[in-house]
Amino acid sequence: MNDGNAWVRGSRAGLVLVTSRNGDMRQWGRAVELHPVGWLTDEEGGQVLLDLAPQAGSQSQAQALSTRLGGLALALHHAGSQLSSPFAQERTFTGYQQAWQDGFHAMVETRHAVDDRMVVTRTWELSLAQLTDAGTPQARPLLEVLAWFAGAVPIPISGLDHRVLGQVCDDRAVGEGLEGLLSVGLLEARLVSYNGVPAKSGDMNAVIVHPLVSETTRHRLSTSNKGAGQSASLAVQTVEAATGELDAERPADWPIWAAWLPHLNELLSHATTLLDRAMLAALAETAVEASRALIWAGAYSAALSLAEDALSSMQRLDSDHIVMLRLRFRVASGHNYLGNHAKAEQQYRAILRTEEQVLGADHPSVLNTRYEVARMVADQGNTAEAEILYRQVLADEERVLGADHPSTLTTRHEVAQMVA
């Protein structure tokens, strides 16, 4: 059955149990009942480890290792087999977990057993090779893009733009490639509720990638220096396309932002060193809008944390880059909404100095930052100074934006508040 085209004759005399990586119902036929083997729970995975290596530690330690391995049966069997060997370097669940953490990929590739199926990554490679032989070579580059998203977190299918993913293959081949990954278990389908409305029973509206699949795929790309930058860039473009039409101020869009937020954080944590400056700026701009959405949704701490993380991961961009100024503004806004008005004022004033140099005194962003400085002064109780600052901003807004512009009207209202 190595070529993937064998078949089993049905019989009324009994049942035939077949284990396979192929989960495509269309290839098995109507008489077959599929029983996918998913990820084991921490309790189940811990028991697998205890059965294989009962001397390696306690139940809680076994469950902790199972959690780190993502409940993947093949990885659990590989770990338990190594721990039970008299020649094993690591003899405990805790020691194995630490070694896995410190040198994950060396542990995975250890050729302890003769049976190559026990080596986790080789099973995935067999699946990808089988898909290539079956005429679906695009499955591998598609998996390499999806591997940059957060493992075990649903990826909304509606956000998988075929025009973006089609950069690794023909646009029309993207769906077939994703179907292939589903068929061999490298992707799993999920039914997820978005916007508080459950999806229809039987529908598939999200996919997930196992954390170990993501981790090993990224490692292979990074160490081989082949395609890591391209796949990471396409992951950024995918998130950008999925969120580009969302409105940070529209409540109906907030759950969609929430669905993509873990994947945005994952890219900020692991992909930034691989991106060119243009793609780095695109990722930062998406973080700016996500932070705005969190502010409007009332998640002030999350908005601040996201903006700070994005700012710290964008060090390759110049400090006066427009998107860096926007990120700094989001950080100041986070402090503002959390009630840290003095700190926010300090940060707004620092942003203002750079904006005036880069954008010019009459730029709308400069006027907006001046407004925020006045507001922070007012929020700290200094209404006299705030009135002066508001009136100065108002005069420039009337000149630059016009008397009827919404920003001008807002500032005029604040002036009235100060003298009331």
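**Helix 9.** I looked up which residues of helix 9 are buried in this predicted model. In helix 9, which spans residues 174-183, they are V174, G177, L178, G180, L181 and S183. I then checked what comes after the helix and found G185, with a positive phi near 80 degrees.

**Whole chain.** I noted the secondary structure of the protein chain as 19 helices and 3 strands. The chain has 420 residues, and 44% of them are buried. I also looked at contacts between residues at least 6 apart in sequence: 64% of these join residues at least 24 apart.

**Confidence.** I recorded a mean pLDDT of 86 for the protein chain, with 83% of its residues at 70 or more. I marked residues 111-118, where the pLDDT is below 50. In the model this stretch still has 13 contacts beyond near neighbours in sequence. My reminder for such regions is that where pLDDT is low, the predicted coordinates should not be read in detail.

**Aromatic pairs.** I asked how many aromatic pairs the structure holds. The count is 4. I wrote down one of them, F149 with W260, which is edge-to-face at 6.0 Å centre to centre and 75 degrees between the planes. F149 sits in the loop between helix 7 (139-146) and strand 1 (155-156), while W260 belongs to helix 12 (residues 254-270), so the pair ties together parts that are 111 residues apart in sequence. I checked burial for this pair, and both F149 and W260 are buried.

**Second largest pocket.** I turned to the second largest pocket and noted a volume of about 790 Å³. Its lining has 30 residues, and those closest to the pocket centre are R292, F329, R330, N368 and E372. I listed the elements that give two or more residues to this lining: helix 13 (277-296), helix 15 (322-337), helix 16 (341-359), helix 17 (364-379) and helix 19 (406-419). Which helix gives the most to the lining of the second largest pocket? I found that helix 17 does, with 8 residues.

Conventions:
Residues are numbered from 1 along each chain as its sequence is written. This is a predicted model: local features need pLDDT of at least 70, side-chain atom pairs count only at pLDDT 80 or more; totals for chains, interfaces and linings use all residues. Side-chain values use heavy atoms; hydrogens and water are left out. On a 1 Å grid over the protein atoms alone, a cavity is a set of points where a 1.4 Å probe fits but cannot get out, and a pocket is an open set with protein on both sides within 12 Å along at least five of seven lines; lining residues have an atom within 4 Å of a point. Grid points are joined across faces, edges and corners, and a volume is the space filled by probe spheres set on the points. Helices (H or I, at least four residues) and strands (E, at least two) are DSSP runs, numbered from the N terminus. Rings of Phe, Tyr and Trp (its six-membered ring) pair if their centres lie within 6.5 Å; planes under 30 degrees apart count as stacked, over 60 as edge-to-face and the rest as tilted. Buried means under 20% relative accessible area, exposed over 50%, partly exposed in between (1.4 Å probe, protein chains only). pLDDT is the predictor's confidence in each residue, from 0 to 100. Contact means heavy atoms within 4.5 Å.
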